[in-house]
There are 2 protein chains.
Amino acid sequence: MSKATAIAHPNLAFLKYWGKRDSTLNIPINNSISMNLDAVQTVTTVEFNAAFANDEVVVLEQGGGGRARFDQRVSKHLDRLRSRAGSSLRARVITRNSFPAGTGFASSASGFAALTMAGSAALGLDLSERELSILSRMGSGSASRSIPDGIVEWLAGDSSDTSYARQLVPPDYWQLIDVAVLVSAEEKKVSSSEGHELAMNSPFWPVRLEALPGKYVRMSQAIHDRDFITFGRELESEAMMMHTIMMTSAHMDGDAWRSGIYYWTGDTLALVQAVQEWRAAGLQVYFTLDAGPTVHLICLETDREAVVSAVNMLAEQSGRAHWSLTVNRPGLGARLTDAHLEAR
Amino acid sequence: MSKATAIAHPNLAFLKYWGKRDSTLNIPINNSISMNLDAVQTVTTVEFNAAFANDEVVVLEQGGGGRARFDQRVSKHLDRLRSRAGSSLRARVITRNSFPAGTGFASSASGFAALTMAGSAALGLDLSERELSILSRMGSGSASRSIPDGIVEWLAGDSSDTSYARQLVPPDYWQLIDVAVLVSAEEKKVSSSEGHELAMNSPFWPVRLEALPGKYVRMSQAIHDRDFITFGRELESEAMMMHTIMMTSAHMDGDAWRSGIYYWTGDTLALVQAVQEWRAAGLQVYFTLDAGPTVHLICLETDREAVVSAVNMLAEQSGRAHWSLTVNRPGLGARLTDAHLEAR
């Protein structure tokens with residue numbers, strides 16, 4: 001078998017990955033916690049063939065074609081798999097996201113998880129979940145978390161072998177809902193990689209370092225206990241801690257001094273403020289944000305309709321017809337499928 | 001002389017007053033630094049008269065009348081002055097702001113400074129600048145800073161007698177410009193007094209406490225040295241430190257948990273982000289914000305026109321016709337005038 005296809009989901013971090021201990025190996029400062037998002041996914045087919053002269057990547061567009069091109073980051077990742085398998089065959093990678101890139105879902109997470117799983121299977125490697133998570137992490141840190149099912153913890157570790165993700169609870173353990181509100185289709189100006197490097201510039205960074213072990217214990221316990229109020233408060237405080245650290249990460253951008261990094265737009269702020277009012281009105285909803293303007297509203301299944309209605313009403317009242325909603329539940333991890341993609 | 005009139009300006013804090021050591025006496029945690037804003041002012045006439053049965057306050061509206069009413073906070077402040085003068089006469093206070101209240105200029109600062117100066121003169125008290133500043137502080141903390149001329153420092157002190165403002169540099173020492181952009185006429189939802197109390201709830205509060213002495217030294221030195229770049233970076237970092245502490249001041253509001261306090265609107269965020277881009281394009285401008293959505297753009301006289309143009313262009317491009325600009329230079333402190341106000 002020299003061809004395999006895998007499906008993986010982006011994940012949403014509840015306890016954030018922001019700051020690296022080793023930026024070559026993507027070893028993070030801290031344990032993080034995330035949920036796989038079941039409504040969005042990447043499918044990737046990898047074929048190794050002696051007839052291929054070069055690695056080639058075809059990104060299929062929604063409803064359209066896709067042209068083969070060389071992708072250095074993918075090729076480098078294939079090297080990791082080839083070196084593991086003792087192979088020197090070149091590959092064709094065909095991949096398709098069910099969602100647009102750069103708009104709030106971490107396509108690098110689902111992408112590298114699916115690539116790792118499909119590529120290793122196509123090479124005949126029989127890897128454990130832990131090995132797949134470690135390899136995915138080397139492609140993109142948060143991809144490690146898209147390997148196991150459900151709600152996941154990524155143990156920071158202190159070396160490549162000890163830095164991997166494992167399941168915290170399975171997908172059906174707790175009926176958590178993520179109502180993702182995509183407010184902007186613009187590409188973000190500061191990449192996450194740059195953001196990771198600048199985090200230490202914030203005067204608040206030492207507070208975060210000291211707070212992280214306690215946050216991890218409280219949040220993982222709240223998930224085990226299905227204690228939504230404790231979980232929600234930890235979640236929202238964590239998102240605000242990350243974003244206020246960003247906003248105070250002063251740095252030079254060429255000749256220009258910037259007092260911080262902003263992933264927010266006015267729409268992000270409007271939702272963050274609306275959540276405070278919705279809770280005051282009795283709705284149990286909390287927000288989190290990744291490194292982008294998309295606001296993820298977290299509630300229990302029982303409040304899903306009320307949250308969706310509240311967002312739609314706000315969009316209506318404030319003339320924000322461009323908002324797009326995606327409702328996610330805890331999803332599976334990366335897995336193989338027989339339905340291969342074809343380059344058209 | 002039983003009647004006197006004083007003029008005072010609101011002030012803009014460069015190094016913020018946020019957090020009190022003593023909330024009855026308004027003794028702050030830290031030294032703060034501010035500039036009197038010359039383009040906006042409060043005029044207050046105080047008349048003591050044996051014929052008055054009660055204290056009465058008339059707030060003259062712009063272009064309209066004004067009805068006499070009892071104002072507990074003003075009456076309490078008059079008690080402080082009466083007790084100093086050994087008088088029991090009741091007063092009529094007529095006051096007029098050149099700007100709307102609650103929209104970004106601290107009317108309580110100019111108001112209590114003018115009231116203290118006019119009231120003490122009407123009672124025949126001969127007070128020093130320091131005594132006037134201390135008395136003004138008891139009415140409203142930041143009013144202490146509207147007494148001296150120019151750019152001012154409020155020494156925190158550790159008792160009522162040692163907590164007062166004095167001049168750092170006179171108004172003509174440095175050609176600093178404040179282009180104030182009033183983005184919203186809405187009243188703020190969280191009062192400054194509440195905000196002061198909640199600051200300690202932020203996990204970042206200890207970082208601020210530790211950073212304050214260094215901030216004070218660096219900022220006052222930059223003002224003495226007329227070093228605009230050092231000053232601007234300190235100024236903007238300070239504003240962001242205060243506002244990110246607000247945004248992470250989690251608290252209960254009745255039954256509802258709030259992850260923080262927001263004085264920003266989408267317009268505030270748009271200006272904060274625009275300033276980063278303007279600097280990248282070579283314009284030397286920095287922002288600061290008080291406890292409200294108004295953005296104060298600080299530049300040197302040489303860049304005043306360019307900054308005003310940049311704001312107008314942004315307002316134009318983004319359909320924000322409601323923005324209102326006020327250009328301020330360092331202003332005088334509180335002083336007496338012979339032009340008394342009359343209730344109409």
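A: What follows describes the contact between the chains and then some of the salt bridges. In this predicted model, 31 residues of chain B are in contact with 31 residues of chain A, and the area buried between chain B and chain A comes to about 2800 Å², with carbon and sulfur atoms giving 67% of that area. B:Phe204, B:Trp257 and B:Tyr262 supply 24% of what chain B buries against chain A, which is more than any other three residues supply. Between chain B and chain A there are ten residue pairs in polar contact, both residues being at pLDDT 80 or more; on the side of chain B that touches chain A, α6 (228-247), β14 (256-258), α7 (266-280) and β15 (286-288) of chain B each supply at least two residues, and the residues of that side divide into 17 nonpolar, nine polar and five charged.

The count of salt bridges between chain B and chain A is two, and one of them joins the side chains of B:Glu277 and A:Arg258 at 3.1 Å, N to O. A:Arg258 also forms a salt bridge with A:Asp253, where the closest N and O atoms are 2.9 Å apart. A:Arg258 is buried, because its relative accessible area is 13% and the limit for buried is under 20%, whereas A:Asp253, at 40%, is partly exposed.

Within chain A, A:Glu236 and A:Arg279 form a salt bridge with their closest N and O atoms 2.6 Å apart. A:Glu236 lies in helix α6 (residues 228-247) of chain A and A:Arg279 in helix α7 (residues 266-280) of chain A, so this pair ties together parts that are 43 residues apart in sequence.

Notes
Residues are numbered from 1 along each chain as its sequence is written. Chains are lettered from A and ligands numbered from 1 in the order in which they are written. This is a predicted model: local features need pLDDT of at least 70, side-chain atom pairs count only at pLDDT 80 or more; totals for chains, interfaces and linings use all residues. Side-chain values use heavy atoms; hydrogens and water are left out. Contact means heavy atoms within 4.5 Å. Buried area is the accessible area (1.4 Å probe) that two parts lose on being put together, summed over both. A salt bridge is a side-chain nitrogen of Lys or Arg within 4 Å of a carboxyl oxygen of Asp or Glu. A polar contact is a pair of N or O atoms within 3.5 Å; within protein, one must be able to donate a hydrogen and the other to accept it, and residues adjacent in sequence count only if both atoms are side-chain atoms. Helices (H or I, at least four residues) and strands (E, at least two) are DSSP runs, numbered from the N terminus. Ala, Val, Leu, Ile, Met, Phe, Trp, Tyr, Cys and Pro count as nonpolar, Asp, Glu, Lys and Arg as charged, and the others, Gly among them, as polar. Buried means under 20% relative accessible area, exposed over 50%, partly exposed in between (1.4 Å probe, protein chains only).
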